[in-house]
Amino acid sequence: MHVFESSKPSTSPLVVSIGDFSTPLPAETEDVRNATDAALAENELNIVRITALTIFPYEMWCRRKKMDCEQFTAFCLEKLLPRMKARNSQNRHGTYFERMMNFQGLKNDGEPRAVNQLLFVIGLLKNRTKWPRESALQISCFDPAKDHTGQPVRGFPCLQQVSVALDGQGNIALNAYYPTQYIFDRAYGNYLGLCQLGAFIAHETGLKFVRLNCFVGKPERGTVSKTKLEHLLEVVRAHV
């Protein structure tokens with residue numbers, strides 16, 4: 001509502017913090033979710049579930065009896081990703097879960113290396129014999145070698161990175177950074193996908209996911225005019 005009611009674009013950042021989960025995922029308000037999905041579909045944009053899927057395919061993981069990270073990575077890269085790229089050209093640059101599970105880089109000697117960042121971070125968190133190096137609990141999505149282009153609009157990746165914070169009491173939080181974010185087009189799906197990612201990491205490590213903190217450097221309304229979103233705003237106001 002703050003972003004939508006602003007008269008002009010702002011360079012002030014937005015910080016969203018979601019916590020107090022009674023289950024592995026935060027509770028959703030059904031009216032707001034339904035109104036958001038309806039408005040997105042009416043404007044030919046991805047509904048919340050589809051946007052969340054590009055960050056982490058949580059529903060598919062649940063349907064596959066919560067495979068471990070290695071098994072689920074193989075499914076995502078070998079079966080899911082090719083289908084997503086074939087069905088939607090917006091995925092031609094990749095998806096977030098692909099960057100998290102199969103980040104392409106170079107070793108110190110210049111040899112190419114693929115890194116499953118999720119598996120690495122989960123391994124550090126599962127090691128109960130020593131405190132993990134917290135600066136290593138990071139998952140990168142932005143790849144300068146691929147993403148530093150002169151394109152005025154690229155669409156991916158908007159999410160730069162995710163880090164995990166550990167409190168020593170068996171609780172973890174996820175911290176995510178977006179340089180910019182279209183609040184209407186993607187924010188709900190982004191936040192839900194990140195929470196689902198946190199729930200997956202918690203399940204794999206035996207820890208408890210308790211909070212998502214998301215920093216948006218420059219929040220923008222999105223690609224749809226305010227007049228087309230009045231009904232959605234009415235629904236949101238009724239629950240605030």
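Predicted model: local features only at pLDDT ≥ 70, side-chain atom pairs only at ≥ 80, totals over all residues.
Trainee: Okay, so at what angle do helix 2 and helix 9 pack?

Mentor: Helix 2 (residues 30-42) and helix 9 (residues 183-205) pack at about 135 degrees, and their axes are 10 Å apart. The two helices are therefore oblique to each other. Their crossing is left-handed.

Trainee: Which residues of helix 2 and helix 9 meet there?

Mentor: From helix 2 you have Val32, Arg33, Thr36, Ala39 and Leu40, and they meet Phe184, Asp185, Tyr188 and Leu192 of helix 9. Sort the residues of this contact by kind and you get six nonpolar, one polar and two charged.

Trainee: Now strands. In which sense do strand 2 and strand 3 pair?

Mentor: Strand 2 (residues 103-106) and strand 3 (residues 112-115) pair in the antiparallel sense, over four bridges. Look for Leu106, which stands opposite Pro112 in strand 3. The hairpin has five residues between the strands, and Gly110 there takes a positive phi near 90 degrees.

Trainee: Last one: is Arg128 buried or exposed?

Mentor: For that, check the relative accessible area: over 50% counts as exposed. Arg128 has 52%, so Arg128 is exposed. You'll find Arg128 in the loop between helix 7 (117-126) and strand 4 (138-140).

Trainee: And what does Arg128 touch, leaving out residues up to four places away in sequence?

Mentor: Arg128 touches Thr205, Gly206 and Leu207. Compare Asn88: Arg128 and Asn88 are 40 residues apart in sequence and 42 Å apart in space, C-alpha to C-alpha.

Definitions and conventions. Residues numbered from 1 in each chain as written. Heavy atoms only, no water. Axes fitted to C-alpha atoms, helices over the stretch in contact; angles between N-to-C directions. Parallel < 35°, antiparallel > 145°, perpendicular 65-115°, else oblique. Left-handed = near helix turned anticlockwise from the far one by under 90°. Contact = heavy atoms within 4.5 Å. Nonpolar A, V, L, I, M, F, W, Y, C, P; charged D, E, K, R; others polar. Pairing = 2+ DSSP bridges. Buried < 20%, exposed > 50% of the residue type's maximum accessible area, 1.4 Å probe, protein only.
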